[in-house]
Amino acid sequence: MSRKRFFVIFPLFVLILLLAACESNRDPVVENSKVLTESPQQPIPTPQNKQPAKPQFENYVEQGDLPALLERGVLRLLAPRGPQESALPREGLPATEWRKLAENFARSRGLKPQWVYVDNFSDLIPAVIDGRGDVIATNFSRTEERKLSLGFTRPLQYVDELLITHKEFEVEEAVPLQVVLRRGSAFAETLEQQVDRENYRITYLDKPVATSELIAAVAAGEYPATIIDSNLADVLLTDYPQLTATTELDSRRPIAWAVRKGAIALRRELNEFFTAELVLASQNREQPLRDWQAIKESGTLRVLTRNHPASYFIWRGELMGFDYDLLRKFARDHKLRLSMVVPDKDQDLVEALNDGMGDMIAASLTVTEARRQQGLAFSKPYMTVTEQVVAAKSKVPDKELPLPENLLSGQTVVVNPTTSYHESLVKIMEKQHGQDMVPLQIHRLKGATSEFLIDAVARGIFPYTVVDSHLAAIESTYRDDFTVVGELPGERDIAWAVRTGQPVLLEQLNNFLNKHNRDLFFNVTYNKYFKEQKRILRHQGQRLRSTDELSPFDPIVKKYTEATDRDWRMVVAQMYQESQFNPQARSFAGAQGLMQVLPRTARQMGVKNLYDPENGIRAGVSYLGWLDKRFPENIPLEQKIYFTLAAYNAGHGHVRDARALARRLEWDPNQWFGHVEEAMLLLSQPEYYRDSRFGYVRGREPVNYVREIRDRYIGYLGVERHQNYTDIDGSIAPD
């Protein structure tokens, strides 16, 4: 038997950019149902600093789905025991990122992450089935055999299985190659499926052993060969130049996480979380700080904002807001695409701007000296407001509005510490001290929106808050359970903000505001959001405040996406783009129903009568699945979503032409935004479409289609991230 061995370098697909949330202390892990505590180094206890021991976690049996886990308040994350329990995981390995991903998923669902380690890979499946863990969160291959007993998430990535041997190892012709594997490894299934499987002999290891230890043993000559995944090889093999990796097994597998077969809700939540994190990570990643020329060259203006009634919100699937409408006009005037970026509620907008997450801030931002000292430069003000003290209407008698220092003496006022209100209240507190008055108390809630704080005050959780007058006016159009009881001194300017190093962008913004200074466009837009009560009542009263119901057809969408790896919220965002949730919609080309599928396409999917909502959605989801399979597995997960959407709109052939053109122009054929989308635009020009297989395409349509669906989906995520702030009670702790 002869084997030619070729060393192959596999680029590591970076699954998740580091999440913006700060990490808390590492949580305890469980070993054989007993606790093995992971914690940072603590000072040696002394009589002064000695603290009681942390209570141990005792494992239990739980075989329920997500509701049962929520009741317990814990998500048990399963992984094989290895060196990561006693040392820091090696940077670059998937386990490093996936550990953060798993813990952030748990916390995002209100669960405490609890790591449970088993001795071998073979113990992982029984542990999750028997209810001794909830999620297998490690580098775990999704195989047909494993799918019989487990429920798998969408693939986190695809990897090749590499045969690892020493470069000087001599293979004897008639002797099977001894391959050492951990018991329970999916690599054994790969070897069993080989045509020449008699050429391999498997030796199983029952003791806990890490992949790095297996590689080191092969390098030392202890074992002839082993198998590892290509995503691990990229990092681990750099230390062993004496080893060689070959693809002779010709095996590519999806890597995914696994849950119990019946844990349908948990699996769906994991898939939604993965999609959201991938989409947000690609949009919110830090980029070079740009002024006007770089923005123009990129074709996209990235605007940092907040999801609230004045700046940016969703109404019946439409993106709206005063800042949004103004900047959409600005972007169109300069032939730019507008990308609204909503950072996490705990992240300061100024920090996000300085980190390169956006090019400017448009979020009803008050002009303050403190913000200038943070490095902001403000545009010409486009609105003037006052800061108003708000209380519950039922608790405040009708009377003249007193001075704020008198009204708030000895009172508690709740505010977000990153707002200008906090600065104003500190000044009042100092004035009260100077007048020998009982000072007010500031209750700081970082990340809280004005809408949330008004609701908290109206419900009696806090006595007072402070909000801008235009926000109080908007809220008062559709609720009457709060009232304005005072105003803080002076008027405040509202403006857009850029970094001090962006003079040309600032000039362009000021030119725009000067051009439209109280003209027809500005006045119509202003009145739409702040003056016309009927329109305000309609928009704000029906503004999307929760993702519990995105459309009247959510249950049907969930039904048909449940068996897939697709995020139902992305499908709803696409459904609105196609039909505005009208089941009777029909296009000029004959596409029908909620998902605008052509009847001939639906027949291929076994679906008739597309005007029936269930049939229309079933056909659309099936067609998305068919298109998804037309693209290579090596395309990053979130990019595949965009390629599939573009193909849904323009046809798979035109997207394939655009990828080929991008490759020819030395752009990345596996990246949609800024690469393949630009090639798609070129396919409307003769010098490009003449050489393409499928010819001319109106490239602007799929480009806008993908962007609008992506932006609507991100808008849904922004609502969801702030949704928890509406479920409040009196136990809220200050910042």
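Is Asn-307 buried or exposed? Asn-307 is buried, with a relative accessible area of 9%; buried means under 20%, exposed over 50% and partly exposed in between, using a 1.4 Å probe and protein chains only. This is a predicted model, where local features need pLDDT of at least 70 and side-chain atom pairs count only at pLDDT 80 or more, while totals for chains, interfaces and linings use all residues. Residues are numbered from 1 along each chain as its sequence is written, and side-chain values use heavy atoms, leaving out hydrogens and water.

So where is Asn-307? Look in the loop between β14 (300–304) and β15 (313–315); strands are DSSP runs of E, at least two residues, and helices runs of H or I, at least four, numbered from the N terminus. Leaving aside neighbours within four places in sequence, Asn-307 is in contact with residues including Tyr-312, Arg-543 and Val-719, contact being heavy atoms within 4.5 Å.

Next, the nonpolar cores. Each is a set of buried Ala, Val, Leu, Ile, Met, Phe, Trp, Tyr and Cys residues joined through side-chain atoms within 4.5 Å. In the largest one, with 123 residues, Phe-322, Leu-327, Met-360, Trp-496 and Trp-672 touch the most other members. Helix α28 (residues 700–723) gives the most to this core, with 9 residues. A second, separate core of 26 residues includes Phe-105 and Val-135.

Back to Met-360: not counting residues up to four places away in sequence, the residues it touches include Leu-301, Leu-327 and Trp-496.
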